[in-house]
Amino acid sequence: MPEKTKKCAHPACSCTVDENTKHCSQYCKDSGGKTEISCNCGHTGCAIGEQAPATTA
Ligand SMILES: [Zn+2]
Ligand SMILES: [Zn+2]
């Protein structure tokens, strides 16, 4: 079943957002008009080339 989520409007962001939301974070909202090669929204599994602060021992 299709979930009511869509991709963040940030071209380099792989996060999913609510259907009523355009960006997953303020970072993406501020970068919405720019073309960036990486996303620094801080969401796990999104940041490219950056290690997420996960609970990995
Ligand atoms: Zn992101
Ligand atoms: Zn985003």
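A: Accessible areas come from the Shrake-Rupley method with a 1.4 Å probe, and for residues only the protein chains shown count as cover. On that basis the protein chain exposes about 4400 Å², with carbon and sulfur atoms supplying 51% of it. This is a predicted model: local features need pLDDT of at least 70, side-chain atom pairs count only at pLDDT 80 or more, and totals for chains, interfaces and linings use all residues. Residues are numbered from 1 along each chain as its sequence is written, chains are lettered from A and ligands numbered from 1 in the order in which they are written, and side-chain values use heavy atoms, leaving out hydrogens and water.

Q: Which protein donors does the zinc ion (ligand 2) have?
A: C8 (SG), C13 (SG), C24 (SG) and C28 (SG), lying 2.3 to 2.4 Å from the zinc ion. Donors are N, O and S atoms within 2.8 Å of the metal (3.2 Å for Na, K and Ca); water is not among the atoms, so sites may look incomplete.

Q: What arrangement do the 4 donor atoms make?
A: Tetrahedral, because their angles are 103 to 120 degrees; four donors count as tetrahedral if all angles lie between 85 and 135 degrees.

Q: Which residue bridges the two zinc ions?
A: C13 bridges ligand 2 and ligand 1, which lie 3.5 Å apart.

Q: Is C8 buried or exposed?
A: C8 is buried, at 4% relative accessible area. Buried means under 20%, exposed over 50%, partly exposed in between (1.4 Å probe, protein chains only).

Notes: Tetrahedral: all angles 85-135°; square planar, octahedral: opposite > 155°, others 65-115°.
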